[in-house]
Amino acid sequence: MRKIDAKLGLTIAAATVLASAGAATDVATRLWYSGAEPETPGGVLIAQSSESTAGGITLRALSATFSGTETVLNFRATDEAGNLIDLVVPDGAFTGDGFRPIPPQGFQRFDDGSFIVELPPVIHPGSVVVEFGEVRVHEGRDRVAGRWTLPLVGPSETEFGDVMRVEELQVGTVDVEGEKVTLTGRRSTSRTIIEYDPPLTLRELALPTITVDGKTLLSLGSRTGPSTVGVAFPGTAFGRPVTVFLGPFATPGSHRMRWCSRLATPSTMRRRGQMSR
């Protein structure tokens with residue numbers, strides 16, 4: 001197997017857009033809240049207090065983080081005796097009022113026994129409603145059907161525009177072993193999201209990294225669709241160029257190493273560095 005230890009740099013210029021209530025900025029990545037990191041931007045965190053009981057299980061909303069790319073709900077689950085229980089919210093269990101019509105993207109358990117579920121962005125200021133129709137307990141083996149309805153306090157009308165701001169990054173391309181890879185991106189107050197179609201003849205060995213203002217950021221997670229890979233990174237400053245580094249890639253048939261680096265701008269692509277064989 002030949003390993004292409006290639007780093008492909010793509011600088012994407014930014015053009016600001018403001019997500020409105022009717023804007024369709026679908027997110028196709030698995031994302032986790034990182035607003036706790038003081039050096040990075042984060043979505044707006046609002047404390048919550050609603051709870052709902054069904055099937056002997058009570059779900060209690062603790063907080064929700066809102067941005068133009070996702071809504072992250074932190075909640076806790078207890079049984080009839082008030083004991084914390086472990087559960088999973090399966091795909092397809094979420095319905096809601098006031099959210100964009102895209103499915104949730106992630107679910108995670110914290111060490112304190114609470115959970116986060118990543119929901120779509122909200123489409124209007126004020127209250128929204130989260131509803132789950134099913135949960136799984138006992139490590140996901142047992143299904144519990146019910147109707148858990150959790151009203152949430154969302155961003156106010158005065159702050160909604162700033163909270164839900166989304167910046168679309170200009171499309172760029174790079175050449176990987178003769179195959180053109182197109183990259184697109186966008187960022188909100190909480191996330192920088194890069195999407196691309198990896199080369200069909202190569203195997204990606206690691207997720208990309210990005211560099212903004214000289215700081216390299218690792219991915220928070222990824223989601224792979226039929227052909228497109230979406231990778232989420234921490235939030236970065238609006239208006240700043242984003243450099244995306246792809247690779248390394250591997251291809252069968254050789255043990256030789258290859259290094260290369262290229263820089264692409266929206267209008268041109270110029271080579272940066274040497275390619276070693």
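**Values and definitions**

Trainee: Why does Ile123 count as partly exposed?

Mentor: Its relative accessibility is 26%. Buried means under 20% relative accessible area, exposed means over 50%, and partly exposed lies in between (1.4 Å probe, protein chains only). The value of Ile123 falls in the middle class, so the residue is called partly exposed. Please note that this is a predicted model, in which local features need pLDDT of at least 70 and side-chain atom pairs count only at pLDDT 80 or more, while totals for chains, interfaces and linings use all residues. Residues are numbered from 1 along each chain as its sequence is written, and side-chain values use heavy atoms, with hydrogens and water left out.

Trainee: Where does Ile123 lie?

Mentor: Ile123 is in the loop between β11 and β12 (128–137). Strands (E, at least two residues) and helices (H or I, at least four) are DSSP runs, numbered from the N terminus. The C-alpha atom of Ile123 is 5.6 Å from that of Gly98, although 25 residues separate the two along the chain.

Trainee: What makes Asp213 exposed?

Mentor: The relative accessible area of Asp213 is 52%. That value is over the 50% limit, so Asp213 is exposed. Asp213 lies in the loop between β18 (209–212) and β19 (215–217). Asp213 also has a positive phi of about 55° although it is not a glycine.

Trainee: Why does Val231 count as buried?

Mentor: Val231 has 0% relative accessibility, which is under the 20% limit, so it counts as buried. Val231 belongs to strand β21 (residues 229–234). Val231 and Arg191 are 40 residues apart in sequence, with a C-alpha to C-alpha distance of 10.0 Å.

Trainee: How do you know that strand β20 (residues 221–224) and β21 pair?

Mentor: Two strands pair if DSSP finds at least two bridges between them. Four bridges join β20 to β21, and these strands run antiparallel. Gly221 has Ala232 in β21 as its bridge partner. The two strands form a hairpin with four residues between them.

Trainee: Why is strand β6 (residues 57–66) said to be largely enclosed by the rest of the structure?

Mentor: Eight of its 10 residues are buried, so the description applies. Strand β5 (residues 51–54) pairs with β6 in the antiparallel sense over four bridges, and Ala54 stands opposite Ile57. These two strands form a hairpin with two residues between them, where Gly55 in the turn has a positive phi of about 60°. Strand β7 (residues 71–78) pairs with β6 in the antiparallel sense over eight bridges; Arg76 in β7 is the bridge partner of Arg60.

Trainee: What makes β12 largely enclosed?

Mentor: Seven of the 10 residues of β12 are buried, so β12 is largely enclosed by the rest of the structure. Strand β8 (residues 87–88) is joined to β12 by two bridges and runs antiparallel to it. Val129 stands opposite Pro151 in β13.

Trainee: How many residues line the largest pocket?

Mentor: There are 14, and Val89, Asp91, Pro104, Gln105 and Gly106 lie nearest the centre. On a 1 Å grid over the protein atoms alone, a pocket is an open set of points with protein on both sides within 12 Å along at least five of seven lines, and lining residues have an atom within 4 Å of a point. The volume, the space filled by probe spheres set on the points, is about 210 Å³.

Trainee: Of which classes are the lining residues?

Mentor: Nine are nonpolar, two polar and three charged. Ala, Val, Leu, Ile, Met, Phe, Trp, Tyr, Cys and Pro count as nonpolar, Asp, Glu, Lys and Arg as charged, and the others, Gly among them, as polar.

Trainee: What percentage of the residues of the protein chain count as buried?

Mentor: Of its 277 residues, 47% do. The chain has one helix and 26 strands.

Conventions: 1 Å grid on protein atoms, 1.4 Å probe; cavity = no way out; pocket = protein on both sides within 12 Å on 5 of 7 lines; lining within 4 Å.
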